[in-house]
Amino acid sequence: MRIYYTISKILKEFAYAIKLYPKRGRKPKIEDWEIAAAFIVSYLTYTPVLKFFQMNIDNSVRSWHVFRRNRMKRVYKLLRQFLLTTAFLRIFIAIMLGLERKLIVDGTILPVANVSRARTHKIKRFKGKAFWVKRKRKLYSPHYQKTIEFEELYYGVLVMFICDESGVVYDVWFVPGSTHEVRALRTREEKSPWCKYLLNSFEVLGDKGYRGVPCVHICSRKKLKAIRQIVESLIGGTKGFGYSRWRKGITLLAYLYGFALGFSYLRNINRRLVA
């Protein structure tokens with residue numbers, strides 16, 4: 001709880017510094033920076049956001065106190081601005097110290113619902129053929145003593161990350177699951193000045209799926225492949241993170257930015273607690 005209150009205090013000062021707070025009327029049950037801090041700490045505690053408030057803050061907290069649409073927009077903006085500010089400060093310090101930064105880009109499929117449930121057309125989160133995706137996989141079978149190729153069917157979104165070799169996330173976004181990673185990266189570069197700056201100012205590493213993208217260097221040497229391994233831990237944490245109580249994309253973005261901040265700056269604390 002000490003970590004939660006510390007992060008909440010930092011986010012409160014940051015929200016007032018950038019003037020990102022609601023107009024004062026009746027005092028809300030939970031402030032925006034408290035919700036944002038809960039999104040970050042939920043990665044450390046592996047506890048859903050609503051359950052975290054009910055267990056540690058107030059048992060009378062309900063889902064509409066946290067996941068209201070207008071409130072989620074403010075929480076998302078606060079988390080995004082905080083991530084961009086910390087990433088910019090990290091880049092500024094590296095430039096002042098003369099350090100070189102290598103960035104890594106990769107994506108993963110995040111299932112929205114089970115395939116059997118998605119076929120019933122009762123999904124309230126996302127709808128459409130664009131969220132259906134097939135992915136080919138190759139696994140070695142000890143029984144057959146050979147590599148077997150098979151297809152997996154998902155109903156979900158493609159989550160994209162840009163991080164550095166230390167695991168600090170610089171940008172995160174999602175697109176429909178059927179979108180190719182190269183197309184998702186190029187679309188983000190066109191629409192986001194921040195992503196365009198990262199791709200044009202740093203050496204960006206990617207796997208062989210990004211061949212043909214001028215701003216991405218393919219990891220062909222063992223040294224570069226070793227640097228890229230941190231993004232695999234990031235992807236694994238994304239799939240194991242507890243997403244709950246969301247129906248709108250803005251809430252999923254708040255979850256993703258909360259996870260990105262927690263993974264970037266609280267990962268070492270989590271390791272010490274587990275150890």
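Author: Contact means heavy atoms within 4.5 Å. By that rule, Y257 is in contact with Y76, L79, R80, L83, D171, V172 and R188, leaving aside its neighbours within four places in sequence. This is a predicted model, in which local features need pLDDT of at least 70 and side-chain atom pairs count only at pLDDT 80 or more, while totals for chains, interfaces and linings use all residues. Residues are numbered from 1 along each chain as its sequence is written, and side-chain values use heavy atoms, with hydrogens and water left out.

Reader: What is the pLDDT of the protein chain, and where is confidence lowest and highest?

Author: The pLDDT is the predictor's confidence in each residue, from 0 to 100. The protein chain averages 83, and 91% of the residues score at least 70. Confidence is lowest in helix α11 (residues 267-274), at a mean of 56, and highest in strand β4 (residues 169-176), at 92. Helices (H or I, at least four residues) and strands (E, at least two) are DSSP runs, numbered from the N terminus.

Reader: Why is Y257 called buried?

Author: Buried means under 20% relative accessible area, exposed over 50%, and partly exposed in between, with a 1.4 Å probe and protein chains only. Y257, which lies in helix α10, has a relative accessible area of 1%, so Y257 is buried.

Reader: Why is I7 called buried?

Author: The relative accessible area of I7 is 12%, and therefore I7 counts as buried. I7 lies in helix α1 and touches A37, I40, V41 and L266, not counting residues up to four places away in sequence.

Reader: What makes the buried residues of α3 line one face of the helix?

Author: In helix α3 (residues 49-56), the buried residues are V49, L50, F52 and F53. Seen down the axis of α3, they fall within an arc of 160 degrees, so they line one face. The arc is that of the directions from the helix axis to the C-beta atoms. What covers these residues includes α1 (2-17), α2, α4 (63-66) and α10 (249-265).

Reader: How do you know that the buried residues of α8 are on the same side?

Author: W194, C195, L198 and L199 are buried in helix α8 (residues 193-201). They cover an arc of only 130 degrees around the axis, which puts them on the same side of α8. On the other side, P193 and N200 are exposed.

Reader: How do α2 and α5 cross?

Author: The axes of helix α2 (residues 32-45) and helix α5 (residues 69-97) come within 9 Å and cross at roughly 65 degrees. Axes are lines fitted to C-alpha atoms, for helices over the stretch in contact, and angles run from 0 to 180 degrees between N-to-C directions. D32, W33, I35, A36, F39 and I40 in α2 meet R71, M72, R74, V75, L78 and L79 in α5.
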